[in-house]
Amino acid sequence: MGNGDIELDADIVVVGAGMSGLYALKALRDRGFRVIVLERAPEVGGTWYWNRYPGARCDIPSLEYSFGFDPELEQEWEWTEHFAAQPEIERYLNHIADRYDLRRDIRLSTGVSAMTFDATTDTWVVDTETGERLRARFCVMATGGLSAPHRPDWPGLDTFAGEIVQTSLWPEDGVELEGRRVGIVGNGSSGVQAIPELAEVAGHLTVFQRTAAFTWPSQNRPLTEAEQAEVKSRYRELRAAQYASPLATAHTTGAVIFTFADPDKRILESTADEREAALAEHGFSAARIWGDAAKDLEANEMAVELFREMVRRTVHDPEVADSLCPKDYPIGCKRPVLDNGYFETFNRDDVTLVDLRKDPVVEVVPAGVVTASGTKELDVLVFATGFDAVSGALTRIDIRGTDGRLLRDEWTDGPRTLMGFAAAGFPNLLMIIGPGSVGVLATYPPHIELQVGWIADLLDHLRATERTCVEAEVEAQDAWCAEVEAAAAGSMFLAPNCSSWYNGGNIAGKARNLPIYLGGLDRYMARANEMAANGYEGFALR
Ligand code: N01
């Protein structure tokens with residue numbers, strides 16, 4: 001790459017060595033770029049390094065939640081379960097780091113604290129938490145959509161005499177839980193996965209719940225050799241289906257978690273007998289059969305009532321069951337959660353539910369958590385309280401673009417990008433799974449491959465045409481943001497009463513905004529490829 005007179009440490013700095021960063025390094029190095037990856041963790045793996053809490057598991061089938069860029073890798077890697085557990089995915093990513101000799105360009109335990117664009121040389125100056133400073137032409141942000149942990153600021157938290165841990169920062173050498181009094185806060189995917197596992201080992205488990213969750217039986221199972229061989233025998237066709245689908249899925253192995261089973265079925269026209277029969281046959285999943293619940297709030301409420309009925313039939317104590325019934329938001333507002341015996345866990349004598357809506361937290365004291373009804377004494381307090389999602393990992397870094405403007409300030413009312421790839425005012429900064437892309441909705445590995453491929457083509461094009469700068473144009477960015485907004489209209493993600501990490505409602509002070517394109521990955525990539533074919537329309541190349 002033409003570096004002019006300035007000395008560059010790399011052509012490209014990639015921030016993050018999770019799934020996106022590892023593949024970006026591989027793909028960009030293959031194109032002949034000099035790449036350095038900076039990673040905060042002491043190991044590679046990103047999400048799959050940090051989230052090592054008991055029960056951590058993916059809820060996308062492993063045969064699809066894996067890379068398709070190398071058929072040999074696909075054939076040699078053996079998944080053991082339909083939904084892989086954290087250690088297996090972490091091993092897979094470490095295998096990739098070794099297999100493609102990626103580690104030599106990765107600096108571990110090196111978090112990025114600040115990034116400043118130098119317009120005089122069209123380069124980025126990257127400062128790390130370890131005091132290093134690097135200069136590169138481009139930065140590729142592989143910082144993840146769910147990687148900036150969020151923890152409530154309860155009064156007295158720092159006085160707690162026991163141990164405080166966060167599911168998304170789980171210590172590598174584990175946490176002593178056996179026989180201890182453990183409390184857990186949060187009932188999203190992380191909490192719902194951890195709760196049955198913690199109950200198994202703790203002396204007593206106290207679950208602090210603010211909002212009851214919709215969760216669906218995961219139906220995880222070991223993968224048989226025959227099943228795996230069958231998928232491997234037609235992997236090219238399946239990957240092609242993933243790359244061309246709205247959510248990067250091929251439905252090889254059942255379980256579709258984002259949609260209602262039958263778009264044409266109307267619960268509003270169903271009879272009580274039909275609903276009862278569905279409950280008998282499908283249990284909790286009965287609530288996700290009728291497609292009209294996807295957009296119609298009245299239909300959705302009928303589906304919610306089926307779900308509540310199933311909770312009441314599963315949980316023995318009527319008061320606990322009532323607290324576990326979701327009441328004030330629709331199915332589809334929050335991300336679907338898959339569980340392994342979640343509701344049944346509340347039938348155990350050594351598990352207590354604290355319903356924070358009825359019995360709110362007052363403070364934390366050395367002995368435990370004080371709620372309105374008294375002190376819950378604890379040895380360990382686990383926070384499964386989620387993330388400042390989609391944009392949080394980016395806004396937590398001091399990213400300064402043209403004229404010193406700070407990304408965090410520019411995005412006060414919500415992130416603005418062109419297709420999630422780039423933001424006006426921040427030249428030469430490219431994002432993988434960025435806000436404004438399909439992002440967290442599509443199966444990550446194939447989605448990452450498509451986005452990284454597009455970014456690599458763009459950087460190739462700049463090199464070939466001897467340009468040193470690429471920037472999103474404001475008009476194109478505005479038009480794309482309007483399109484993202486239009487695609488979200490009527491979706492349950494923005495339904496009244498819907499507060500979630502998708503729409504920023506989980507973080508106090510964050511703008512309510514859905515920075516996710518709901519039009520599907522297929523349409524998204526078609527548009528991205530069309531822009532590229534038109535000379536990177538919407539981007540200024542200098
Ligand atoms: O986080 P969440 P998560 N007081 O935001 C509660 C992916 N993931 O880490 O709803 C009390 O969903 C909060 O309550 P409320 C997946 O995409 C995937 O569980 O805000 N409670 C909520 O119950 C997932 O969606 C997998 O009222 C407080 C919980 O904490 C995403 O990551 C596994 C509180 C946070 O739920 C995030 O999931 C794990 C407070 N002050 C994660 N603040 C799989 O693949 C927050 N809460 C299976």
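Rings of Phe, Tyr and Trp (the six-membered ring of Trp) are taken to pair if their centres lie within 6.5 Å; planes under 30 degrees apart count as stacked, over 60 as edge-to-face and the rest as tilted. On this basis, a search of the whole structure finds 28 aromatic pairs. The structure is a predicted model, in which local features need pLDDT of at least 70 and side-chain atom pairs count only at pLDDT 80 or more, while totals for chains, interfaces and linings use all residues. Residues are numbered from 1 along each chain as its sequence is written, and side-chain values use heavy atoms, with hydrogens and water left out.

Helices (H or I, at least four residues) and strands (E, at least two) are DSSP runs, numbered from the N terminus. Trp48 is buried at a relative accessible area of 10%, and Tyr65 is likewise buried, at 10%. Here buried means under 20% relative accessible area, exposed over 50%, and partly exposed in between (1.4 Å probe, protein chains only). Phe67 and Phe69 form a tilted pair, because their ring centres are 5.5 Å apart and their planes meet at 55°. Phe67 is buried at 1% relative accessibility, whereas Phe69 is partly exposed at 22%.

Elsewhere, one aromatic cluster is formed by Phe214, Trp216, Phe284, Phe307, Tyr329, Tyr342, Phe343 and Phe346. Trp216 also meets a charge: the charged end of Arg288 sits over its ring, 4.6 Å from the centre. For such a contact, NZ of Lys or CZ of Arg must be within 6 Å of the ring centre and within 35 degrees of the ring normal. A second example is Arg463, which lies over the face of Phe33 at 3.9 Å from the ring centre.

The backbone has points of interest too. Ser109, though not a glycine, has a positive phi near 50°. This residue is in the loop between strand E3 (106-107) and strand E4 (112-118), and Ser109 is partly exposed at 41% relative accessibility. Tyr536 also has a positive phi, about 60°, without being a glycine. Its place is the loop between helix H16 (521-533) and strand E20 (539-541), where Tyr536 is buried at 6% relative accessible area.

The last topic is the ligand. Around it are 25 residues, of which Ser190, Arg210, Thr211, Arg335 and Trp501 come nearest; a residue is included if one of its heavy atoms lies within 4 Å of the ligand. Helix H5 (residues 189-201) gives the largest share of this shell, three residues. By class, the shell has 10 nonpolar, 10 polar and five charged residues. Nonpolar covers Ala, Val, Leu, Ile, Met, Phe, Trp, Tyr, Cys and Pro; charged covers Asp, Glu, Lys and Arg; the others, Gly among them, are polar.

For Asn187, the distance from a polar backbone atom to a ligand oxygen atom is 2.9 Å.

Terms used
A polar contact is a pair of N or O atoms within 3.5 Å; within protein, one must be able to donate a hydrogen and the other to accept it, and residues adjacent in sequence count only if both atoms are side-chain atoms.
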